[in-house]
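Please read the following report alongside the sequence and the coordinates, moving between text and model as each element is named.

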Amino acid sequence: MYTLVKIELYKIFRKWRTYIGFAAIGVMVPIIQIAMYFEGAHYLEFMTRSFKDSFVFVGNLLNGYLIAYIILGSLTIHIPFLIALVAGDLLAGEATAGTYRMLITRPVSRMKLVFAKFIAGLIYTNLLVLFLAVISLGLGLIIFGVGELIVIKDAIIIFAQNDILWRFIFAYASAALSMSVVLALGFLFSSLVENAIGPIVSTMTVIIIFTIFSAINIDFFRTVKPYLFTNYMSTWRLVFDDPIDYNEIIKNCLILAGHIIGFFGITLFIFKRKDILS
Amino acid sequence: MQKVIEVQNLTKKFKDLTAVNNLDLNVYRGDIFGFLGPNGAGKSTTIRMLMTLINPTSGTIKIFDKPLKQKRNEILKKVGAIVEKPDFYGYLSAYKNLEILGQISGCDTSNKRIMEILETVGLETRAKSKVKTFSHGMKQRLGLAQALLHDPDLIILDEPTTGLDPQGMKEIRELIIHLAKEKQKTIFLSSHILAEVELVANRMIIINKGTTVVEGTVQDLLNATNLKVTFELDEIERAKKILAETQWQKKIESFGDYQILFLLEKNEIAPLNKFLVEQGILINSIVPKRSLEEYFLHLTEKGA
């Protein structure tokens, strides 16, 4: 299995499309950071305008933590696009290239091949989130320095400097789990067709539709919301609550993990019975 | 003789289309087995079932006396194949493609082995070139290389000379014969060209619309059929008169403006030619065609 995963990773990282995600994050995050470096004070003032009369804010509030928090909030919506690019190609790409025939006629079970591809896809997904973490948090701390993290939800929460880093570690872990659901969905679509474009577009379509449904606050959508996995993709935000509702976080993570297992199980079921006609 | 492939009542249906219909075939150890049929006859579907790419609707396949469904991995360790046109990871080199496929198969992927196999198919100088720069013929050679990499006992080749130039076709034929005679491999050779199979195979089957049309040793099938021989000549009326009084009369199939079509055994061509020349009839050409070939061409035309 180790050899198979290694081969799949090699194949993933020899394709230029794999680097689109890293390049996009590598370009976008520094641009946001540069913009915040020059415009951050205005942004912070806008953020805190409703509290200005009641509170006096002191210290370095425009710090690396705040920048990383803002970036994480905005990019978790867009990173699924980057994940889908690779996920959709994992199986369908072999069909498009005609290499299924070479691959599946080897003395290795289809289950092992699919499993190796999925593990490789998960590694790519987690590396992408890790890259986001390193570049947004690491570079942010270098440029903006450390300080307390101000988070505005229903109330204003300020986290002490020594109480932040572990929250980010859990937040990125939670984001990685959410992105893995996207991977599993793209992988499932990839097993159904013989062209990578279809699974990429389908994955994004599902995520866009589910996200819209999750965001609309009317009774009908509130009823279906618990059944949409996109509803749990912002679980990372719960780590920045005070106090933290651990039960809610665990429940959400289990739902996300359940989706990963479910999507992968369906993929396996389909692929084991699939006639390779490409 | 030990059966290497044993197929019984093999059927594959795609919705309303029956691609393979109750096919039976046996391939024995050491055979170069020709698997013939026009396009769309069900050859590739059968090979895909032999290589577990598609699941049969019904019927059984045994390879090396083991059921393919239950012993797939064990069997495929000893089988190498080209299934239709060989496709590879275009963004990787020929060497890397072989290394990857070899690693998946769990076989020797040392530099020595990969270079040895690339040399066998004449691609050693292009080992480091990306496959996307290869011509179809080169991909075909690389396809053969991946089929031979793990030194299989059974080699299944689906139209292996497609896209090759005449020299390349000759080399592949020689390689097939070498593998069977010198290395005791069993070869299952699919083709839609009778002449290609005839040159190398010892046994063959012709299928059409998914079912067997004829099966046997190549020699038996060829001997069982007379040759249709066309004699092209100028003095057709004089030839008619001369032949009317001879034993050759009953061998005539038909007359054309400048041709006479005979149904002959191979050893009758030369005496007939001699007879006509002695009677002062000048022969412009003699074109033999076996009825098996005619039959196959008829199938091919119908298939097309």
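## Chain B as a whole

This is a predicted model, and the angles and distances given here are computed from it. The secondary structure of chain B comprises 11 helices and 14 strands, and its C-alpha atoms occupy a box of roughly 75 × 45 × 35 Å along the principal axes. Of the 304 residues in chain B, 40% are buried. Among the contacts of chain B with a separation of 6 or more, 69% are between residues 24 or more positions apart. Chain B is divided into domain 1, covering residues 3-223, and domain 2, covering residues 227-303, and the C-alpha centres of these two domains of chain B are 39 Å apart.

## Two sheets in chain B

One open sheet of chain B has 4 strands in the order S2-S1-S4-S5, with antiparallel pairing. Its edges are formed by strand S2 (17-28) and strand S5 (66-67) of chain B, each of which pairs on one side only. Strand S1 (residues 3-14) of chain B is joined to S2(B) in the antiparallel sense over 8 bridges, and within this pairing B:Val7 has B:Leu25 of S2(B) as its bridge partner. Helix H1 (residues 43-50) of chain B lies across S1, S2 and strand S4 (58-63) of chain B, and runs at about 115° to S1(B).

A further open sheet of chain B contains 6 strands in the order S6-S7-S8-S3-S9-S10, and here the pairing is mixed. The edge strands are S6 and strand S10 (211-217) of chain B, each pairing on one side only, and the twist from one strand to the next averages 15°. Strand S3 (residues 32-36) of chain B runs parallel to S8(B), to which 5 bridges join it, and B:Phe33 stands opposite B:Phe188 in S8(B). H1(B) also packs on this sheet, where it touches S3, strand S7 (154-158), S8 and strand S9 (203-208) of chain B, its direction making about 150° with that of S7(B). H6(B), in turn, lies across S3, S7 and S8 of chain B and runs at about 150° to S8(B).

| Residue | Phi | Loop in chain B | C-beta atoms within 10 Å |
|---|---|---|---|
| B:Glu84 | about 50° | between strand S6 (79-82) and H3 | 18 others |

## Where the chains meet

The contact between the chains takes 22 residues from chain B and 20 residues from chain A. On the side of chain B that touches chain A, helix H2 (72-76) and helix H3 (94-105) of chain B each supply at least two residues, and H3(B) gives the most, with 5 residues. By class, this side of chain B has 13 nonpolar, 6 polar and 3 charged residues.

## Features of chain A

Helix H5 (residues 110-144) and helix H6 (residues 165-192) of chain A have axes that come within 9 Å and cross at roughly 145°, and the crossing of H5(A) and H6(A) is right-handed. Among the residues making this contact are A:Phe118, A:Leu122 and A:Val129 of H5(A), together with A:Phe168, A:Met179 and A:Leu183 of H6(A). The residues of the contact of H5(A) with H6(A) divide into 12 nonpolar, 4 polar and no charged.

A:Gly40 lies in helix H2 (residues 18-47) of chain A, and its C-alpha atom is separated by 9.0 Å from that of A:Ile67, 27 residues away along the chain.

The peptide bond from A:Asp242 to A:Pro243 is cis, with omega near 0°, and A:Pro243 lies in the loop between helix H8 (219-224) and helix H9 (246-273) of chain A.

Definitions and conventions. Residues are numbered from 1 along each chain as its sequence is written. Chains are lettered from A and ligands numbered from 1 in the order in which they are written. This is a predicted model: local features need pLDDT of at least 70, side-chain atom pairs count only at pLDDT 80 or more; totals for chains, interfaces and linings use all residues. Two strands pair if DSSP finds at least two bridges between them. Two residues are in contact if their C-beta atoms, placed from the backbone, lie within 7 Å. Axes are lines fitted to C-alpha atoms, for helices over the stretch in contact, and angles run from 0 to 180 degrees between N-to-C directions. Domain bounds come from an automatic or database domain assignment. Ala, Val, Leu, Ile, Met, Phe, Trp, Tyr, Cys and Pro count as nonpolar, Asp, Glu, Lys and Arg as charged, and the others, Gly among them, as polar. A crossing is left-handed if the near helix is turned anticlockwise from the far one by less than a right angle, and right-handed if clockwise. A residue is buried if 20 or more other C-beta atoms lie within 10 Å of its own, exposed if 12 or fewer, and partly exposed in between; C-beta atoms are placed from the backbone.
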